[in-house]
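Here is a short briefing on the structure shown below.

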Amino acid sequence: MTSGGGSGPMKDCEYSQISTHSSSSPMESPHKKKKAAPKRKWEVFPGRNKFCCNGRIMMARQTGVFYLTLVLILVTSGLFFAFDCPYLSEKITPAIPAIGGILFFFVMGTLLRTSFSDPGVLPRATPDEAADLERQIDIANGSSSGGYRPPPRTKEVIINGQTVKLKYCFTCKIFRPPRASHCSLCDNCVERFDHHCPWVGNCVGKRNYRFFYMFILSLSFLTVFIFAFVITHVILRSQQAGFLNALKDSPASVLEAVVCFFSVWSIVGLSGFHTYLISSNQTTNEDIKGSWSNKRGKENYNPYSYGNIFTNCCAALCGPISPSLIDRRGFIQPDTPQPAAPSNGITMYGATQSQSNMCDQDQCIQSTKFVLQAAATPLLQSEPSIASEELPLSGKTTIGAPCATLTLGQPTPPSSMPNLTSETGLTDMIPLKEEHEGHQFLTPEEAPSPPGMLPAGSPITHSHTLHVLSLASQDSLHEDSVRGLVKLSSV
């Protein structure tokens with residue numbers, strides 16, 4: 001090492017300290033992926049629903065009519081507070097805009113609560129639960145009759161002395177509880193299903209029915225309130241300047257009156273209908289189907305009614321709200337890998353690459369045996385066989401005993417040479433040592449083509465017994481060839 005030019009670069013060299021706390025090590029696979037963030041259940045929810053705010057808001061996918069409801073309420077109430085309330089608070093009382101504001105916020109609160117909440121969706125069965133349920137159905141069906149019959153898809157339960165049928169849902173793979181039904185728009189089974197309301201953009205069920213009822217009831221009061229005071233405003237102005245001048249001075253009142261007039265009848269009628277349902281403890285679905293109608297029989301009655309209007313109303317409006325069963329904001333638990341049971345009975349978790357490589361190597365060894373045995377056939381010479389002795393090859397080490405791991409089986413002759421082993425077996429064709437003095441055996445490199453490709457002048461005939469290589473030579477040939485093929489297959 002020179003002191004001039006070599007010391008400079010050496011002084012500049014520095015050793016960098018290797019961090020032992022690094023996240024990746026040299027032994028780890030370079031293709032290892034980063035751990036994915038856990039998903040929430042709403043991200044893989046099977047129903048046709050729309051989620052917002054990380055799963056906190058749950059709605060149906062068809063929300064166009066819901067936005068129309070919002071626009072009608074906001075526009076009508078906004079015009080009322082902007083053009084009518086100032087005049088009415090001055091001429092009559094300031095309590096009018098205050099009462100209108102309370103009704104407006106109550107309507108908006110109950111509407112959003114109905115639209116953005118879980119109506120009572122029932123979780124679908126897991127594959128294991130569905131398979132177990134199908135097995136139970138098949139067992140129940142098989143014990144009833146000897147022939148095949150479609151399995152029954154209903155169950156019967158008794159509620160307050162009334163027989164109620166539980167229907168099987170082919171989509172959710174469950175027997176629906178009493179009063180539950182499958183919504184075709186949301187593709188969910190909803191507990192105590194009432195109906196799917198496009199005006200609120202959601203199903204109405206057990207968990208949001210009270211908010212829906214309070215919404216339509218408060219909206220009825222708000223509609224009547226706005227319509228009544230808009231007419232009052234127009235009348236007061238017409239008394240001062242005439243009817244036409246009153247309409248010109250307050251054109252927004254005309255629009256409010258038209259909207260309220262055509263909507264108040266349906267809203268009030270809907271509120272009255274649901275008041276009847278609450279008082280009798282029924283749902284819209286049950287009333288339309290006539291489930292508890294007297295026309296079905298004198299003994300048919302509603303088993304869910306408490307027999308008192310007040311009690312029925314308290315149960316529907318003041319009872320506890322059941323928790324959501326789908327846990328839409330919960331995290332998905334990682335699936336446990338299922339053990340794959342191989343044929344030998346050993347439990348192994350998954351299929352490994354080494355297992356497949358071992359299978360490939362075994363197949364290569366078996367095919368190599370057949371090829372080498374077939375390739376050894378043209379090496380036979382036409383001389384009679386007298387005894388069975390070993391004859392060593394030149395340049396090869398003599399093996400005293402045959403190879404124990406690669407046993408030599410009897411080769412299968414090709415169809416083009418059917419009489420190759422017709423006279424004697426392979427075990428009887430081992431020649432004497434002195435019989436091979438005038439013959440020269442071929443090495444594997446000099447071996448000719450397989451029997452199917454022999455030239456026309458081949459010395460093989462049907463009248464002579466054939467000589468083969470010794471067992472030691474064949475084992476050595478097999479061993480070397482198999483090792484080479486195994487190495488190639490591993491590469």
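Asparagine 188 touches Phe45, Gly47, Asn49, Val121, Arg124, Ser181, His182 and Cys183, leaving aside residues up to four places away in sequence. The model is a predicted one. Below, the points are grouped by topic.

**Asparagine 188**
- Asparagine 188 belongs to strand β7, which covers residues 188-190.
- Its relative accessibility is 3%, so asparagine 188 counts as buried. The cut-off for buried is under 20%.
- The side chain of asparagine 188 also reaches the backbone oxygen of cysteine 186, at 3.2 Å.

**Aromatic pairs**
- A pair of aromatic rings is described by the distance of the centres and the angle of the planes.
- Ring centres must lie within 6.5 Å to pair. By this rule there are 15 aromatic pairs.
- One of them joins tyrosine 168 and phenylalanine 170. The centres are 5.2 Å apart, the planes stand at 85°, and the pair is edge-to-face.
- Are tyrosine 168 and phenylalanine 170 buried or exposed? Tyrosine 168 has 5% relative accessibility, so it counts as buried. Phenylalanine 170 has 52% relative accessibility, so it counts as exposed. The cut-off for exposed is over 50%.
- Tryptophan 292 and tyrosine 304 form a pair with centres 5.9 Å apart. Their planes are at 70°, so this pair is edge-to-face. Planes over 60 degrees apart count as edge-to-face.
- Tryptophan 292 and tyrosine 304 both lie in the loop between α8 (284-289) and α9 (309-317). They are twelve residues apart in sequence, so the pair ties together parts with that separation.
- Both tryptophan 292 and tyrosine 304 are buried.
- Ring pairs also link a cluster of Phe80, Phe81, Phe104, Phe105, Phe225 and Phe229.

**Arginines over rings**
- Arginine 192 places its charged end over the ring of tyrosine 209, 5.4 Å from the ring's centre.
- Arginine 237 lies over the face of tyrosine 87. Here the distance to the ring centre is 4.6 Å.

**The whole chain**
- The protein chain has eleven helices and nine strands.
- Of its 491 residues, 35% are buried.
- Among contacts with a separation of 6 or more, 68% are between residues 24 or more positions apart.
- The accessible surface of the protein chain is about 30500 Å². Carbon and sulfur atoms account for 61% of that surface.

Definitions and conventions. Residues are numbered from 1 along each chain as its sequence is written. This is a predicted model: local features need pLDDT of at least 70, side-chain atom pairs count only at pLDDT 80 or more; totals for chains, interfaces and linings use all residues. Side-chain values use heavy atoms; hydrogens and water are left out. Rings of Phe, Tyr and Trp (its six-membered ring) pair if their centres lie within 6.5 Å; planes under 30 degrees apart count as stacked, over 60 as edge-to-face and the rest as tilted. Buried means under 20% relative accessible area, exposed over 50%, partly exposed in between (1.4 Å probe, protein chains only). Helices (H or I, at least four residues) and strands (E, at least two) are DSSP runs, numbered from the N terminus. A charge sits over a ring if NZ of Lys or CZ of Arg is within 6 Å of the ring centre and within 35 degrees of the ring normal. Contact means heavy atoms within 4.5 Å. Accessible areas come from the Shrake-Rupley method with a 1.4 Å probe; for residues, only the protein chains shown count as cover. A polar contact is a pair of N or O atoms within 3.5 Å; within protein, one must be able to donate a hydrogen and the other to accept it, and residues adjacent in sequence count only if both atoms are side-chain atoms.
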